[in-house]
Structures are given as C-alpha cells and as structure tokens.
Amino acid sequence: MFDPGGSLGHRGVFEAMLSARTMPLPQALWQQVITLPDGTGRHFLLPGSQTPRASESLQWQRLAGVFRSWGSLDVLADCGRLRARGTPHAVLGNADLTVLVVRNDRHSLRSLSSAADVVREEIGLLGSADDGLMVMVVSTTSSGTQRFPVKEIERQFAKLGLPVVGELPWDPQAATQLTDTFNPGKRFEGSALLDRARQLGLEIGKRAFTRSRRLRGPELTEHHPARSVRPRRQLVRRQQLPPIPRPVAPSGERDRHGD
C-alpha cells in the first residue's frame, strides 16, 4: 500500500508474533509499524497477514487483548471478508464498533440482509438491539448494475436493526492512490472519495466512542445517601498504567515515510 517497492522490508502482524517469542508482544508490534506519510507522525500502519493460512496461525485473542489495553489509541482493523478463512473473530468480538462495507448492488445487499443474524452471532453480538454493528455502502457504476438510493437502503436495513452510516462515492482515480500507489496530489486531497471518507470517519468515531463509554462507563446507582448524611471522604489511589511504547524502527533500517 505505502511501500509498493518493498523498500521497508517484510513487516506485519505475522512478523510481530514471531518476534514476540523473545520480547513483549506490544514492543514487537511497534517494531513492525510503518509511519503513515501524512506529516503528523501520529498515524501508523501495521500490515496484516499475507495469506489465509498465516492468518489462521495468529493468536488473535492475544492480539485483541493488546489492542484493548491501548486505551489512549484508536485501533482500526481491516478484518477482510466475513465468514472467510482466517477471519479474526476475536478482534471483531472485542471491537467497540464493527462496520460492514457492502457494494450498492442487488446481490451484495440481498446477501447481507439474509446473513445479518449469522453475522451478529459470529461477531458476538447479543441481538438486533445491540448497536455494535453498522453498515457503510460503497457506490458502484458497473455496467448492468442497479444502484439503489441510500434512503431506501437505510429503510430496508432499519427493519433488521442495522443502521447505515452513509455511502462512499464511486471515485476510481482517488481509490487507486489507496490500493496501487501513494503519490497524492492536490486532486487527491480534494477528491470526492477522500472528502466523504473524512465525514463518515468522524461519524463512525462518534458512534464507536458512544458505545464504548456506555459499555465500560461507571454504572449509576439507584440509591443515593440521604442529604443529612455526610459521606466519608476516602483517598483512592489511581492505578498507574504502563506507558505506551512508541514505534522503533528495526536496527539498520530507516523508515523513509516517518521523516
């Protein structure tokens, strides 16, 4: 994606698991990340496994635990196709929010509609009332393909308890920058795809934060002490969390994208 020539060497989650045999897993993960070339130095990419066989061999529950421990970081995981070989169900089950990406065509929408309950079960959601699952539609202009209005898709999926966050536009030229190469220009920064992706990203982030806070926030008790009773003050020491390690490039190798 950001290293089409392979100049950064073989990096990824599979290599991190191998390194974790001799070092803590969080440190091994940070040694494998690539700093994204957006100029902030705050966004990183951890390449995934290359084959389904490699994905099946990974300890996803252990990885999900590490991701969950990074409370001050947002972890976005591309888990590939659902119900496919090597799908990291442990990551999906620990996610604050799962977003299903579906093409705007009759076959894809019908397949998702018929498999909604199975998808919830595989992810670990309790039922249609759980808001941990939502849908993002990708537009298409393929010849002979019928495209449906987003409002109609929202109405149909609402019957299944699946909210639709929105639709990404059909923009092949901008999408090429994210799949084949990364040499963005002014047109890419102002492209319809990137503009809409930013909007949907903000909305998805808000919903993920809201659900996370609801599931993990302090529960309010129904019984309060009488006003005449003065509660006793107690000193509570906060638990000291371990610092989050920062990315370290492997020795003898320089990450050009982090400059």
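Guide: Let us start with burial: a residue is buried under 20% relative accessible area, exposed over 50% and partly exposed in between, with a 1.4 Å probe and protein chains only. The model is predicted: local features need pLDDT of at least 70, side-chain atom pairs count only at pLDDT 80 or more, and totals for chains, interfaces and linings use all residues. Residues are numbered from 1 along each chain as its sequence is written, and side-chain values use heavy atoms, with hydrogens and water left out.

Visitor: Is Trp70 buried or exposed?

Guide: Trp70 has a relative accessibility of 11% and therefore counts as buried. Trp30 is buried as well, at 5%, and Phe67 is buried at 18%. Of the 259 residues in the protein, 31% are buried.

Visitor: How many aromatic pairs does the structure hold?

Guide: Rings of Phe, Tyr and Trp (its six-membered ring) pair if their centres lie within 6.5 Å; planes under 30 degrees apart count as stacked, over 60 as edge-to-face and the rest as tilted. The structure holds 3 such pairs. One of them joins Trp30 and Trp70, with ring centres 5.5 Å apart and planes at 35°, so this pair is tilted. Trp30 belongs to helix H2 (residues 25-30), whereas Trp70 lies in the loop between helix H4 (60-69) and helix H5 (89-94); the pair thus links distant parts of the chain, 40 residues apart. Phe67 and Trp70 form another tilted pair, at 6.1 Å centre to centre and 50° between the planes. Ring pairs link Trp30, Phe44, Phe67 and Trp70 into a cluster.

Visitor: How many helices and strands are there?

Guide: Helices (H or I, at least four residues) and strands (E, at least two) are DSSP runs, numbered from the N terminus. The protein has 11 helices and 5 strands.

Visitor: In what order do the strands of the open sheet stand?

Guide: Strands of a sheet pair through backbone hydrogen bonds, either parallel or antiparallel. Two strands count as paired if DSSP finds at least two bridges between them. Here, 3 strands form an open sheet in the order E3-E4-E5, with parallel pairing. E3 and E5 stand at the edges with a single partner strand each, so one side of each has no neighbour in the sheet. Angles run from 0 to 180 degrees between N-to-C directions, and axes are lines fitted to C-alpha atoms, for helices over the stretch in contact. From one strand to the next, the twist averages 25°.

Visitor: Which bridges join E4 to strand E3 and to strand E5?

Guide: Strand E3 (residues 98-103) and E4 are joined by 6 bridges, and Val102 has Val137 of E4 as its bridge partner. On the other pairing, 4 bridges connect E4 with strand E5 (residues 164-168); Met136 is bridged to Gly166 in E5. In strand E4 (residues 133-138), 5 of the 6 residues are buried, so the strand is largely enclosed by the rest of the structure.

Visitor: Which strands does helix H11 touch?

Guide: Contact means heavy atoms within 4.5 Å. Helix H11 (residues 192-216) packs on the sheet and touches E3, E4 and E5, its direction making about 165° with that of E5. Helix H8 (residues 150-158) lies across E4 and E5 and runs at about 150° to E5.
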